[in-house]
Amino acid sequence: MAEGMTWSIEEADKLTQAEVYGRVLTQLGEKDPKIIAMTADLAKSTKIGNFGQKFPERFINMGIAENSLFSVAAGLALAGYRPVVSTFAVFAALRSAEFVRTDICYQNLDVKIIATHAGISFGQAGSTHHCTEDIAVMRSFANMTVIVPADGIETGNAVAAAMDWPGPVYIRIGRGFEPPVNTTADYGFQIGKAVTMRDGKDITLICCGVTVLQAVRAAKILETQGLSVRIINMHTIKPIDKEVILKAVMETRRIVTIEEHNVLCGLGSAVAEVIVESGKACAFTKLGIPDQYVIVGYPEDLYNHYKIDADGIVEAVSALMGREIEADENWDDET
Amino acid sequence: MPLTQEDIKRLQEKAKDIRKTIVDITFTAGGGHIGGSLSQTDILVALYYKYLNIDPKKPRWEDRDRMILSKGHGGLGWAAILGEKGYFDKTLLKNFNKTGSPFGMHLDMLKVPGCDASTGSLGHGLGIAVGLALGAKMAGKKYRTYCVMGDGELCEGSVWEAAIIGAFHKLDNLTAFVDRNNLMIDGPTEEITQLDNLNDKFASFGWEVLRIDGHDFTAIGGAIEKAQTIKAKPTMIICDTVKGKCVDYMENDYKWHYGGLDSDMRDKALACIDNYYAKA
Ligand SMILES: Cc1ncc(C[n+]2csc(CCOP(=O)(O)OP(=O)(O)O)c2C)c(N)n1
Ligand SMILES: [Mg+2]
């Protein structure tokens, strides 16, 4: 185990985010007897069942009852335990939104929510199972911290960090295997501090979750076209890393956000809020799922369909590079 | 009118075809909710091939009986029936779950003719069915509303909220079913939350409760007909079923809630189905 790390899994880069999560939670459970794992008939699907096999006495399967899943978690937190709750994102963030908001966030309780099958990762299941609204909902709850890890390794880091972070945390992960962007875990993951995956001076791509890999791929293509591309992995949507955004505004003046979420109210909106409040000029585009219900399909096809894959990013970057921006008077003072 | 011997033979033939289509779709789709699709089949076959007042050529006909598959993950088995009934070209089912297809795992009423509500999120269907039945009463319409739920689904509080209001409004134009296969995803219902005694639960909520073998057409038909005569309350038909019914290696195994088939498994499953009906 690398220094400062509280978890270690061999070949975490070959596992799904959920598989890493299940194992990391089990390791953390060995050290912290207050952790209680909870689900609603999705022990296997979310991989929280891994914890249940090791610690059956600290595992609660509610049956298919998501609303009570969160109210019971709140009660357990009030009783001094540390519930970690998993179900599909669409149920955690939408069906049970008010239970999460009122029972957990309002009372600022120590409940960690790891929601799987988020975004369009369960694309074949249809609209009732897609969840392109969870970042929007969760970031609107006061006291809630929202994390969207890029891959399995970052999921391990996020889960471990969340257990050391006060109050409610929502971690959004996918369903199947997506190729990793990180090769090692000890890159200094910190909640609220974005990771600059690569430096660049012409344009900045700000991304989270599965779109980080797409941005990395896009940057390689754009490099051959002579562009110097910065990539920021904004794994924490809330609290957002304002500093890194403002630096990108000053240094690249062009920003594209990419998310596997409704293009309204998610990562792009959170970044836009920071840019607009800064008062500085910046050419800006948000990529994401349009404000529609998603079609049925395999995730990789859908990334392409909705232009949030490498090709879509390249196209958007080319368009944005051609956009004129008017430098404000203090342009030089800013940098 | 009780089912005749011919009716029963015909329904069994249909059920056999539908079960085989379920196996085929599971194979071509690369996986599917096969266990629950096989357990619900006889209930849906009885409805679609005997009792529902519907016209596949007019899927939006105002006076049609409504059928809400509250256990929306049974969409695979439901699509097999809707296709066979002619609501759409059934060759489209080879695209089940494929990118751009109208068919996701859970059917979407905006894309699939014959689907009366987009389900898949458990615990919604009974409420929708109560609304449809209430709407029929308010509008003076004669159509009946049917709703099929899973047993694991009954863990959802919203089912019981809908049950209370359905009884309060005396919805005798509403018949609901529980596909009581005793399994949910993570295991047996009685080992996870304990749902029994369902008869008493629904009866105490003000419903007429009938308990039948959900694979016996005489019993299914008898219960549906009985429900049509009950006055001033809705009826819950609790159907004892077998998850994975007719495929020996799937029966009563919760791991077959969702699964994929290679060609050997498919052939074996199809042979099991033939075998079952040859003996019947
Ligand atoms: C609200 C909600 N929670 C969770 C799920 C995931 N899920 C799909 S099927 C299923 C188990 C359903 O069991 P049951 O109702 O008994 O259906 P059956 O055995 O007939 O397949 C679960 C938990 C869902 N679709 N909806
Ligand atoms: Mg069941």
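In this predicted model, the lining of the second largest pocket is made up of eleven nonpolar, ten polar and three charged residues. The volume of this second largest pocket is about 390 Å³. Its lining has 24 residues, and those closest to the centre are A:Gly126, A:Ser127, A:Thr128, A:Tyr293 and B:Asp108. Domain 1 (12–172) and domain 2 (195–322) of chain A each supply at least three residues to the lining of the second largest pocket.

The largest pocket holds about 690 Å³ of space. It is lined by 39 residues, of which A:Leu42, A:Ser45, B:His33, B:Ile185 and B:His257 are closest to its centre. Helix H2 (43–46) and helix H5 (89–95) of chain A are the elements that contribute two or more residues to this lining. By class, the lining of the largest pocket has twelve nonpolar, 14 polar and 13 charged residues.

Chain B also holds a metal site. The magnesium ion (ligand 2) is coordinated at 2.1 Å by B:Asp151 through OD, B:Asn181 through OD1 and B:Leu183 through O. The spacing of these donor residues of the magnesium ion (ligand 2) along the sequence is D-x29-N-x1-L. B:Asn181 counts as buried because its relative accessibility is 4%, under the 20% cut-off. B:Leu183, at 8% relative accessibility, counts as buried too.

| Site | Feature | Value |
|---|---|---|
| A:Lys238 to A:Pro239 | cis peptide bond | omega near 0° |
| B:Asp196 to B:Asn197 | cis peptide bond | omega about 10° |
| B:Ala232 | positive phi, residue other than glycine | phi near 70° |
| B:Cys246 | positive phi, residue other than glycine | phi near 90° |

As for where these residues lie, A:Pro239 is in the loop that runs between strand E10 (236–238) and helix H10 (242–252) of chain A. B:Asn197 belongs to the loop between helix H6 (189–192) and helix H7 (198–204) of chain B. B:Ala232 sits in the loop between helix H8 (217–229) and strand E5 (235–240) of chain B, while B:Cys246 is in the loop between E5 and helix H9 (263–279) of that chain.

B:Cys246, with 4% relative accessibility, counts as buried.

Notes:
Residues are numbered from 1 along each chain as its sequence is written. Chains are lettered from A and ligands numbered from 1 in the order in which they are written. This is a predicted model: local features need pLDDT of at least 70, side-chain atom pairs count only at pLDDT 80 or more; totals for chains, interfaces and linings use all residues. Side-chain values use heavy atoms; hydrogens and water are left out. On a 1 Å grid over the protein atoms alone, a cavity is a set of points where a 1.4 Å probe fits but cannot get out, and a pocket is an open set with protein on both sides within 12 Å along at least five of seven lines; lining residues have an atom within 4 Å of a point. Grid points are joined across faces, edges and corners, and a volume is the space filled by probe spheres set on the points. Helices (H or I, at least four residues) and strands (E, at least two) are DSSP runs, numbered from the N terminus. Ala, Val, Leu, Ile, Met, Phe, Trp, Tyr, Cys and Pro count as nonpolar, Asp, Glu, Lys and Arg as charged, and the others, Gly among them, as polar. Domain bounds come from an automatic or database domain assignment. Donors are N, O and S atoms within 2.8 Å of the metal (3.2 Å for Na, K and Ca); water is not among the atoms, so sites may look incomplete. Buried means under 20% relative accessible area, exposed over 50%, partly exposed in between (1.4 Å probe, protein chains only).
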